[in-house]
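Dear colleague,

Please find below the structure I am handing over to you. My notes on what was found in it follow directly after.

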Amino acid sequence: MATKTSPSPPPPIFAPAPPAAADSWWVVVGGGQFCNTVQNSEQCVTDGSGAHTNNEYCVIRATRALVASATPSFNTESVYDYITIAGTQYSGTSGPQNVVMQAGDSMTWYTDTSIVAGGFTICATSVPPMMPPTSP
């Protein structure tokens, strides 16, 4: 008699994100229990105060063109707990610095099942205007 195997569980389904406030820079589109915007400053997004926990995952979308940079307190378990922006992973104490994101671009936060650290706060600034080319 053949043994039946259970199918893999489906991926998590995230409810649609609430509309972003007109002055916001970020919207958390999935995993809102693990990531949120910093109160009174929609310019920053964080995993919260204190050490992050195991098995965290969230998706954060830029609502406008911006430059993303981690604060000096960026601290995750190297290699295993990370932020990903445009295919580049940032972990340990090397958070993103001056990473240009367009409106609609996403970053993800992931932690594994062991070892926790301080977590992250990433803030946005405006993309500098393009400088016209200079004549020789």
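Phenylalanine 120 makes contact with Cys35, Val45, Thr46, Asp47, Ile60, Phe74, Ile83 and Trp109, leaving aside residues up to four places away in sequence. Please bear in mind throughout that this is a predicted model.

Phe120 also belongs to the largest nonpolar core, which has 23 residues. Together with Trp26, Ile60, Met101, Met107 and Ile122, Phe120 is among the residues that touch the most other members of that core. At least two core residues come from each of β1, β4, β5 (66–70), β6 (82–85), β8 (99–101), β9 (106–110) and β10. In soluble globular proteins, nonpolar side chains tend to be buried together.

Which strands does β5 pair with? Over 3 bridges, β5 pairs with β8 in the antiparallel sense, and valine 67 has valine 100 of β8 as its bridge partner. β5 and β10 also run antiparallel, joined by 4 bridges; here alanine 70 stands opposite isoleucine 122 of β10. Ile122 was named above among the core residues that touch the most other members.

I turn now to the disulfides.

Cysteine 35, which is among the contacts of phenylalanine 120, forms a disulfide with cysteine 58, the sulfur atoms being 1.9 Å apart. The torsion about this S-S bond is about -65 degrees, and the disulfide is therefore left-handed. The pair links distant parts of the chain, 23 residues apart: cysteine 35 sits in the loop between β1 (26–30) and β2 (36–38), and cysteine 58 in strand β4 (residues 57–62). Both cysteine 35 and cysteine 58 are buried.

The other disulfide joins cysteine 44 and cysteine 123, with sulfur atoms 1.9 Å apart. This link is right-handed, with 105 degrees about the S-S bond. Because cysteine 44 lies in strand β3 (residues 41–46) and cysteine 123 in strand β10 (residues 121–125), the pair ties together parts that are 79 residues apart in sequence. Cysteine 44 and cysteine 123 are both buried.

With kind regards

Terms used
Residues numbered from 1 in each chain as written. Predicted model: local features only at pLDDT ≥ 70, side-chain atom pairs only at ≥ 80, totals over all residues. Heavy atoms only, no water. Disulfide = S-S within 2.5 Å. Buried < 20%, exposed > 50% of the residue type's maximum accessible area, 1.4 Å probe, protein only. Core = buried A, V, L, I, M, F, W, Y, C linked by side-chain atoms within 4.5 Å. Contact = heavy atoms within 4.5 Å. Pairing = 2+ DSSP bridges.
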